[in-house]
Amino acid sequence: METILGIDLGTTNSEVAVIRDGQVEVLGEDGEKILPSVVGLDPEGRMLVGTPARNQWVLAPDRTLRSIKRKMGQDVTVRLGDQTFSPQEISAVILRALKERAERQLGHAVRKAVITVPAFFNETQREATREAGELAGLEVVRIINEPTAASLTYEAHPDRLERLLVYDLGGGTFDVSIVQIERDVVEVLASHGDTHLGGDDFDQLLLDRVCDDFAKEHGIDLRQSLAAKSRVLRAVEEAKKRLSDDALTTLDEEFIAEKDGKPLHLRREIARDELEALIEPLLAKTLVCVDQSLSDAQLHARQIDKVILVGGASRTPLVRRLLEERLGQPVHAEVNPDLCVAMGAAIQGGLISGVDVGPVLVDITPHTLGIEAATLVEGVPAFHVFSPIIRRNTPLPASRSEIYGTMVDGQESAGIRVFQGEDHDTRKNQFVGEFLLEGLADVRAGNPIVVRFDLDLDGILKVTAKERATGLEKQLVIDNPVARFRKSNREAASQRLDAAFRAAGMAGAPGLPAPAVEPESAADDLPEHLKNLIRRCEGLIAKAQEVAPKATPDDAEEIHRQVQELLAAIAERSDAKIDKGMATLEDLVFYLQDA
Ligand code: AMP
């Protein structure tokens, strides 16, 4: 079967994907799947594509071209050094680099490609894209819309009508589309956007803020020096990306300027709140487009089956929050938002060449993980508030942090209680572990504590709490097999469980969770009667594990459920619930033993 490449020819970045062994694969090189859509000439006049071209952009703008996609379809030429080119020719250089990358990775020549374009591209722009492909030595078998491609990664083989809202926020452009999928027909019902709005604008706002503050402090405007500006721009972009995961980050650029013969350094903390306040007006504009596209498609938000995020800048947490508020449903970003357009183009290529394409597999966390916090609701303190840190459906591995404040003046310690679940009230979620950060500084209420969650591919959660002012830190590692099943690897997960049961001298029972393991210190603190109760529970759970493999699937499922309930009751330390859970499970085991 002939290979057909799927190519996302983006304004800022481009990617290439193929179907290999029935699975979609984005082809990277040197660990990099993204190719910056930048073309340049080096000082010797040799052509540069991708990262090396992007690196020279600020210092050699006359020899570097970015965002050529904006000019596709226009009857213009662009200058590169002392030569002129058409936009198609520059795009062809990028496409050719992707084609050659694919050929090196696949080990054979490739001739055909599906290339994506924005839904708002007119016929001339589409034709120019096709021409660019041909100039790069590719037969363009189909041009498809970017939101259509993104939808295909979520719905490769739909058998019922589904409507998706695709929110695509890239480096320099934004668009939102309503896509309808019915059987094999994918249709863009409405599309709106702003061709000059994206993550680069966030960088600019942050750059201005940082440079203004620096100028106030030192009387030097870093924007006046090309070299300093390019360093700050790069640093704020990296800081912005880190703030998608962390609540706080630090800019640290040494020797950025000089005053009175002495070097000046740029050192500054940026909190996520500060970035969010800067970019919120821009995101408000994107929400207007969302409303407009819904109204054009004559649909209400509740008629949308799925909201999906595309484009690097859609990783900004505020985007997700604002969209969820506006649309009243969770948004999906399981498939890498930078890569899903290329992946969808490859799926389309696979469908054209008749290859059976499997679903896109991603490892995600199926539950939200967070901590218990107290907050003021209309002036009244509310306890048991669940504050999410890693949200459900986040691709793994994942690291996220949030900042909390102490409640009272002179607070000496902060209790970190970790839960998983989807309820706002921690009492309705599952408790997974706790620890105390002791020895806090004697300061007023609001002492910032940064809580960081690192969740790896094996479901091991590392929780770190750190007092921001002093660096005082404590950590808890929770290896909780109940927390999740790797979506793509259920079998391996159940084998791991089996091995764990055997190691503990218990009969193997795939599908049953292992008893929750409490951190030792926490278990030591338990009152004696609770310890006894838990010991009895463990005996009962072991019995349930013996019975389950011989039971019918329905009964085994019921045992599984009751064991989960009992584990949750143990985690909650609730005598009444433990008693009730044990009675139910005992009845079930008794009945099944006799059956
Ligand atoms: P794209 O055009 O889809 O490749 O998106 C590029 C834009 O996404 C640039 O402005 C990047 O700085 C931005 N971006 C990439 N990763 C992140 C992230 N983790 N958080 C926020 N913005 C990001």
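## Rings and a mixed sheet

Let's start with a charge and a ring: the charged end of Arg66 sits over the ring of Trp57, 3.8 Å from its centre (the criterion being NZ of Lys or CZ of Arg within 6 Å of the ring centre and within 35 degrees of the ring normal). This is a predicted model, in which local features need pLDDT of at least 70 and side-chain atom pairs count only at pLDDT 80 or more, while totals for chains, interfaces and linings use all residues. Residues are numbered from 1 along each chain as its sequence is written, and side-chain values use heavy atoms, leaving out hydrogens and water.

There are 3 aromatic pairs in the structure. One of them joins Phe120 and Phe121 edge-to-face, at 6.0 Å centre to centre and 75° between the planes (pairs need ring centres within 6.5 Å, and edge-to-face means planes over 60 degrees apart). Their accessibilities are tabulated here, where buried means under 20% relative accessible area, exposed over 50% and partly exposed in between, with a 1.4 Å probe and protein chains only.

| Residue | Relative accessible area | Class |
|---|---|---|
| Phe120 | 37% | partly exposed |
| Phe121 | 7% | buried |

Now to the sheet. It is open and mixed, with 5 strands in the order β14-β13-β12-β17-β18 (strands are DSSP E runs of at least two residues, paired if DSSP finds at least two bridges between them). At its edges lie β14 (185–194) and β18 (331–332), each pairing on one side only. Strand β13 (residues 174–182) runs antiparallel to β14, with 9 bridges; Ser177 has Ser191 in β14 as its bridge partner.

Definitions and conventions. Phe/Tyr/Trp six-rings, centres within 6.5 Å; stacked < 30°, edge-to-face > 60°. Helix = DSSP H or I, 4+ residues; strand = E, 2+ residues; numbered from the N terminus.
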